[in-house]
Amino acid sequence: SMQQARGRAAAAALLARDIDRSIDSGAAFEEPLERLITMSGDDAELETSLTTLRPYAASGVPTVGQLRADLAALAETSAPAVAGYEWLGQTVENITGLVTVRDKDSEADVATGRLAEADQALRDGDLETAISTVEAVAAMPEGIDPAAAEAWLADARARVTAVAAQQQLDAHIRELLTATVN
């Protein structure tokens with residue numbers, strides 16, 4: 001009946017809101033997701049969004065704040081090596097006059113600058129740009145720790161995927177609510 005459909009849509013909307021809050025805060029959302037899956041019946045569109053979200057339900061997805069903190073840690077992986085290299089270069093140069101110290105626009109300095117751009121993109125809520133920027137830095141021969149970069153990229157992509165699925169879910173539930181009102 002229309003009454004039942006309306007009740008189902010309203011319950012789904014509440015569960016979706018729980019998932020939204022969890023994705024915002026980085027919390028797990030297994031319980032509301034499983035309840036929504038149980039309710040989804042033969043709604044293929046709903047099922048698609050929920051299936052996409054399912055791998056992230058138990059652990060949650062990293063928040064933008066977490067991604068920014070991890071990005072700062074990633075930038076640290078390039079800095080100590082650079083400082084050591086330049087100090088060593090200067091010492092040797094002082095002794096022999098033969099070694100030239102790497103100039104300021106070295107690979108590692110460029111990497112650090114690009115990571116600052118990635119951080120700005122995160123602050124602007126533009127995860128796609130942050131991801132492509134970190135990908136570019138990770139491809140540089142002497143930028144950042146490759147394994148750490150890969151881990152960060154996996155986290156950032158997880159957030160992008162989850163947020164997109166969450167937006168689809170919300171849009172679909174709004175449609176369901178509207179359909180039962182009219």
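The model is predicted.

**Entry 1: a helix pair**

I started with helix α4, residues 64-76, and helix α6, residues 107-123. I recalled that two packed helices are described by the angle between their axes and the distance between the axes. Here the angle is about 175 degrees. The axes of α4 and α6 lie 10 Å apart. Angles over 145 degrees count as roughly antiparallel, so α4 is roughly antiparallel to α6.

Next I looked up which residues make the contact between these two helices. From α4 I noted Val64, Leu67, Arg68, Leu71, Leu74 and Ala75. From α6 I noted Leu115, Ala118, Asp119, Leu122 and Arg123. I then sorted the contact of α4 with α6 by class. It has eight nonpolar residues and three charged ones.

**Entry 2: Asp43**

I moved on to the loop between α2 (30-39) and α3 (44-57), where Asp43 sits. Is Asp43 buried or exposed? I found it buried. Asp43 has no salt bridge. I looked for the nearest side chain of opposite charge and found Arg8, 8.2 Å away. A salt bridge needs the nitrogen and oxygen within 4 Å.

What does Asp43 touch, once its neighbours within four places in sequence are left aside? The contacts are His172 and Leu176.

**Entry 3: Ser59**

The loop between α3 and α4 holds Ser59. Its relative accessibility is 55%. The cut-off for exposed is over 50%, so Ser59 counts as exposed.

I then checked what Ser59 meets from elsewhere in the sequence. Leaving aside its neighbours within four places, Ser59 is in contact with Gly26 and Ala28. I also took the C-alpha to C-alpha distance from Ser59 to Ala27, which is 7.1 Å. In sequence, Ser59 and Ala27 are 32 residues apart.

**Entry 4: salt bridges**

How many salt bridges does the structure hold? I read off six. I followed up several of them.

I took Glu31 and Arg35 to begin with. Their side chains meet in a salt bridge, at 3.7 Å from N to O. Both residues belong to helix α2. They are four residues apart, so about one helical turn separates them. Glu31 is exposed, with a relative accessible area of 56%. Arg35 is partly exposed, at 47%.

Then I turned to Arg54 and Glu34, which form a salt bridge at 2.9 Å, N to O. Arg54 lies in helix α3 and Glu34 in helix α2, so this pair ties together parts that are 20 residues apart in sequence. Arg54 counts as partly exposed at 44% relative accessibility. Glu34 is also partly exposed, with a relative accessible area of 29%.

My next pair was Glu117 and Arg114. The closest N and O atoms of this salt bridge are 3.1 Å apart. Where do Glu117 and Arg114 lie? I found both in helix α6, three residues apart, about one turn of the helix. Glu117 is partly exposed, at 43% relative accessibility. Arg114 is partly exposed too, with a relative accessible area of 28%.

Last, I looked up Glu135, Glu150 and Arg157. These residues are linked in a network of salt bridges.

Terms used
Residues are numbered from 1 along each chain as its sequence is written. This is a predicted model: local features need pLDDT of at least 70, side-chain atom pairs count only at pLDDT 80 or more; totals for chains, interfaces and linings use all residues. Side-chain values use heavy atoms; hydrogens and water are left out. Axes are lines fitted to C-alpha atoms, for helices over the stretch in contact, and angles run from 0 to 180 degrees between N-to-C directions. Angles under 35 degrees count as roughly parallel, over 145 as roughly antiparallel, 65 to 115 as roughly perpendicular and the rest as oblique. Contact means heavy atoms within 4.5 Å. Ala, Val, Leu, Ile, Met, Phe, Trp, Tyr, Cys and Pro count as nonpolar, Asp, Glu, Lys and Arg as charged, and the others, Gly among them, as polar. Buried means under 20% relative accessible area, exposed over 50%, partly exposed in between (1.4 Å probe, protein chains only). Lys and Arg count as positive and Asp and Glu as negative; His and the chain ends are not counted.
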